[in-house]
Amino acid sequence: MRSSKPKVLHELAGKTFLNRVMDSVRQLEPGIMGLVVRYQGERVAQAARSYDPAVSVIQQDEIPGTGRAVQCALNALEGHVDPKGRVLIVASDMPLLDAGTLRDLVDQHVRLGDGATILTTRLDDPTGYGRIIRDQDGQVLRIVEQKDATGTELAVTEVNTSVYVFELDVLTQAIAGLNNRNEQGEFYLTDALEAARRLGRVGAYPAPDPLSVEGVNDRVQLAHLAKAHNRRVCERWMREGVTILDPETTWIDDEARIGRDATILPGCFLQGGTRIADEAVIGPYTTLIDAEVGQGATVERSRVQGSVIGPKATIGPWTYLRPGNELAEGTKVGAFVEMKKASIDKGTKVPHLSYVGDAHIGEGSNVGGGTITANYDGVHKNRTEIGAGVHVGAGNMLVAPVHVGDGVTTGAGAVIRHTVPDGAMVYSENSQHVVENWKPAWERGAGSGADSE
């Protein structure tokens, strides 16, 4: 990946590869889940424990290879697993591996009574994958890695996905005799298949969806996989009754939810746990991150994070809602407005060019353009309270903590520092001075230009 971050902590559709694979494995309800780590092991382990505190983390030693990883795992888990049970082995760089495919793999393994079963797939371009070599009867003989394959073997299109099921006793014996006499100098788990074949039948289950078992080794592959997956996500939502005008420029994370008859315009990103209700219109060019959008609301050309937008509200264009906002039904937040931890009651409008932070504005109020709540005193974030039915003039500055009562009208350019009672009008004295026939300094005097005295 050419990255300072471990590969399995890169993300696809809002979740890391590791998180996605662990979620799929967990759905099979394993007796114990073990994670083998090596490169930046503690960083990977910390992430894994955040996904599942019960995961057992095993540190691989300096001996390289997938076979060595399994040896370390079995040594660490000895006594904690059923000796008559079976082991599912999964690589964590397959972000679209789904629980259904894993369950079908295990079911076939149990039904046929195999000692080991490999999850395979067929690819038009198998470059980089280990090839599945079968005998004349179609039985699996071995897996040959790309760098160790002959020309004939490289022509094989059935490939290993690095997902296996073993009977534990077969696996224990098969990995005991591994060696590193190969191009990479590693202990290959694939070599254990030949030993397993001598101990019992080795089966293969072809994954019905090649996309679900595609691995990621670089950012080109990640982009390809993410694009293919996102297309499917968009198609699924369209079949559920969502209008997506341009699936090629619309990106939807797996955890996002969209109501029927919602419209998603081009250039939108729906990320995290975003929830969009029926008949809402999103976009164009809008990013929603863990946001909630009510029925019939409109969000245009804006960025919204961790905020709740009520039904029939209108947001944008060019609005930035930082986390913690709650906007009630029928509210309006207009162009070039920024909000943070603001609560805006029903029907209130903040039309344009304003900043509202750490504030509550009551029902049916209107905030004039260019108004800000000055909420930070250099140490603390202070609260502004504006009542219902308030008309805030243009260019106001409300210096928190401050309370403005119901039905108040404020003059343009007012600086409000103290409590304003209900029904009052408040303005700041700001005399206008006119200097007639005025010229700037460089135009005064007998001379001209910068040399004038």
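Colleague: In this predicted model, the axes of H1 and helix H2 (residues 41-51) come within 10 Å and cross at roughly 45°; what makes H1 and H2 oblique to each other?

Modeller: An angle under 35 degrees would count as roughly parallel, and one of 65 to 115 as roughly perpendicular. The crossing of H1 and H2 is at roughly 45°, and H1 and H2 are therefore oblique to each other.

Colleague: In which hand does H1 pass H2?

Modeller: H1 passes H2 in a right-handed crossing, and that word is used when the near helix is turned clockwise from the far one by less than a right angle.

Colleague: Why are H3 and H6 oblique to each other?

Modeller: The axes of helix H3 (residues 66-77) and helix H6 (residues 168-176) come within 10 Å and cross at roughly 125°. Roughly perpendicular covers 65 to 115, and roughly antiparallel starts over 145, so H3 and H6 are oblique to each other. The crossing of H3 and H6 is left-handed.

Colleague: What makes H6 oblique to H7?

Modeller: The axes of H6 and helix H7 (residues 192-199) come within 8 Å and cross at roughly 125°. That angle makes H6 oblique to H7, since an angle would have to be over 145 to count as roughly antiparallel. As for the hand, H6 passes H7 in a right-handed crossing, whereas the crossing of H3 and H6 is left-handed.

Colleague: Let us turn to the pocket. Which residues lie nearest the centre of the second largest pocket?

Modeller: That pocket has a volume of about 340 Å³ and is lined by 17 residues, of which Arg20, Leu96, Leu97, Asp98 and Asp254 lie nearest its centre. Helix H1 (17-26) and helix H8 (219-239) are the elements that give two or more residues to the lining, and H1 gives the most, with three residues.

Colleague: How do the residues of this lining divide into nonpolar, polar and charged?

Modeller: Five residues are nonpolar, four are polar and eight are charged, where Asp, Glu, Lys and Arg count as charged.

Colleague: From which domains does the lining of the second largest pocket draw at least three residues each?

Modeller: At least three residues come from domain 1 (7-213), and at least three from domain 2 (219-426).

Colleague: What phi does Arg2 have?

Modeller: Arg2, in the segment before strand E1 (11-12), has a positive phi of about 55°, although Arg2 is not a glycine.

Key: Residues are numbered from 1 along each chain as its sequence is written. This is a predicted model: local features need pLDDT of at least 70, side-chain atom pairs count only at pLDDT 80 or more; totals for chains, interfaces and linings use all residues. Side-chain values use heavy atoms; hydrogens and water are left out. On a 1 Å grid over the protein atoms alone, a cavity is a set of points where a 1.4 Å probe fits but cannot get out, and a pocket is an open set with protein on both sides within 12 Å along at least five of seven lines; lining residues have an atom within 4 Å of a point. Grid points are joined across faces, edges and corners, and a volume is the space filled by probe spheres set on the points. Helices (H or I, at least four residues) and strands (E, at least two) are DSSP runs, numbered from the N terminus. Domain bounds come from an automatic or database domain assignment. Axes are lines fitted to C-alpha atoms, for helices over the stretch in contact, and angles run from 0 to 180 degrees between N-to-C directions.
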